[in-house]
Amino acid sequence: EFQKHPSLQLNEFYSKKNYQGANPVDAKIIFVGRDPNWAINIEEKSMFPLVKEYLEDGVSFWKKYNIHHPFLHPEYKGDGKRYHKMFSKLDLKSIYADKISFVELIGFPTTGMAKKNRNRFINFLLSTDNKKHLISLDEILNSPDKIIFIAWGLINDFRLINSQNGMFSKLASLNLDRLNIKDLNQCDNIFIHRHFSDCISNETIEKMSKKINSH
């Protein structure tokens, strides 16, 4: 069931930092996701200390373990592993750790699949609890000196937010009919692509890697 994550520890981390990796205000490369989803029993897993270490300082974590996320640890089996395995195909070195940030539309931890409960996801997305997060995210995604990667399915979410409060107007106005879901699509400094958990092609990943390296 899709819900706010019950873990007090996770919520405590997100109340201090509602992003993963580098601070998105300073980062040059931003990856945008839907919600920060964690297994419901994450605290009981043997690698939870790694998760805490990562959430405390994602940049140092990447440099120390040479993996960008604890889900890549051999001990971890569960949701989210595929996303990060596919992401690691970008072959980004840990010297990029302080340049890369992962942000989500929802600024507090969740569990379960948002796709299976769209109404609850929308309630969370547009809630007063999430408003401050969306305001700062709008500012970050409007920054012209960053390159921003957004999964295809999120454009409809941006349209929804825009229709409610006028934020994310640039993203809400994108016409997906003119874009190719199988490719990497560029609109100024924004790149639209298939989600890493979806059937993203190696060709798209290679193009993304080149963009990041040249940036």
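A pocket is here an open set of grid points with protein on both sides within 12 Å along at least five of seven lines, and its lining residues have an atom within 4 Å of a point. In this predicted model, the largest pocket is lined by 34 residues and has a volume of about 970 Å³. The second largest pocket has a volume of about 330 Å³ and a lining of 20 residues.

**Largest pocket**

- Of the lining residues of the largest pocket, Asp35, Asn37, Tyr83, His195 and Ser197 lie nearest its centre.
- Helix 4 provides the largest share of the lining of the largest pocket, with 4 residues.
- Sorted by class, the lining of the largest pocket comprises 14 nonpolar, 11 polar and 9 charged residues.

**Second largest pocket**

- Tyr14, Lys17, Asn18, Gly107 and His133 are the lining residues that lie nearest the centre of the second largest pocket.
- At least two residues of this lining come from each of helix 1 (8–16) and helix 6 (128–141).
- Helix 6 gives the most to the lining of the second largest pocket, contributing 6 residues.
- The lining of the second largest pocket divides by class into 9 nonpolar, 8 polar and 3 charged residues.

**Helix 1 and helix 2**

- The axes of helix 1 and helix 2 cross at roughly 15 degrees and come within 10 Å.
- Helix 1 is therefore roughly parallel to helix 2, because angles under 35 degrees count as roughly parallel.
- The crossing of this pair, helix 1 and helix 2, is left-handed.
- On the side of helix 1, the contact is made by Gln9, Leu10, Phe13 and Tyr14, and on the side of helix 2 by Phe48, Val51, Lys52, Leu55 and Glu56.
- The contact of helix 1 with helix 2 includes 6 nonpolar, 1 polar and 2 charged residues.
- Tyr14 of helix 1 belongs to this contact, and Tyr14 is also one of the residues nearest the centre of the second largest pocket.

**Helix 2 and helix 3**

- Helix 2 (residues 48–56) and helix 3 (residues 58–65) have axes that come within 5 Å and cross at roughly 125 degrees.
- Helix 2 is therefore oblique to helix 3.
- Leu50, Glu53, Tyr54 and Glu56 of helix 2 make the contact with Gly58, Phe61, Lys64 and Tyr65 of helix 3.
- By class, 4 nonpolar, 1 polar and 3 charged residues form the contact of helix 2 with helix 3.
- Glu56 of helix 2 takes part in the contact with helix 3 and also in the contact with helix 1.

**Helix 5 and helix 7**

- Helix 5 (residues 118–125) packs with helix 7 (residues 154–165) at an angle of about 50 degrees, and their axes are 11 Å apart.
- The two helices, helix 5 and helix 7, are therefore oblique to each other.
- Helix 5 passes helix 7 in a right-handed crossing.
- Helix 5 makes the contact through Arg118, Phe121, Ile122 and Leu125, and helix 7 through Asp157, Leu160 and Ile161.
- The contact of helix 5 with helix 7 has 5 nonpolar and 2 charged residues, with no polar residues.

Note on methods:
Residues numbered from 1 in each chain as written. Predicted model: local features only at pLDDT ≥ 70, side-chain atom pairs only at ≥ 80, totals over all residues. Heavy atoms only, no water. Axes fitted to C-alpha atoms, helices over the stretch in contact; angles between N-to-C directions. Parallel < 35°, antiparallel > 145°, perpendicular 65-115°, else oblique. Left-handed = near helix turned anticlockwise from the far one by under 90°. Contact = heavy atoms within 4.5 Å. Nonpolar A, V, L, I, M, F, W, Y, C, P; charged D, E, K, R; others polar. 1 Å grid on protein atoms, 1.4 Å probe; cavity = no way out; pocket = protein on both sides within 12 Å on 5 of 7 lines; lining within 4 Å. Points joined across faces, edges and corners; volume = space filled by probe spheres on them.
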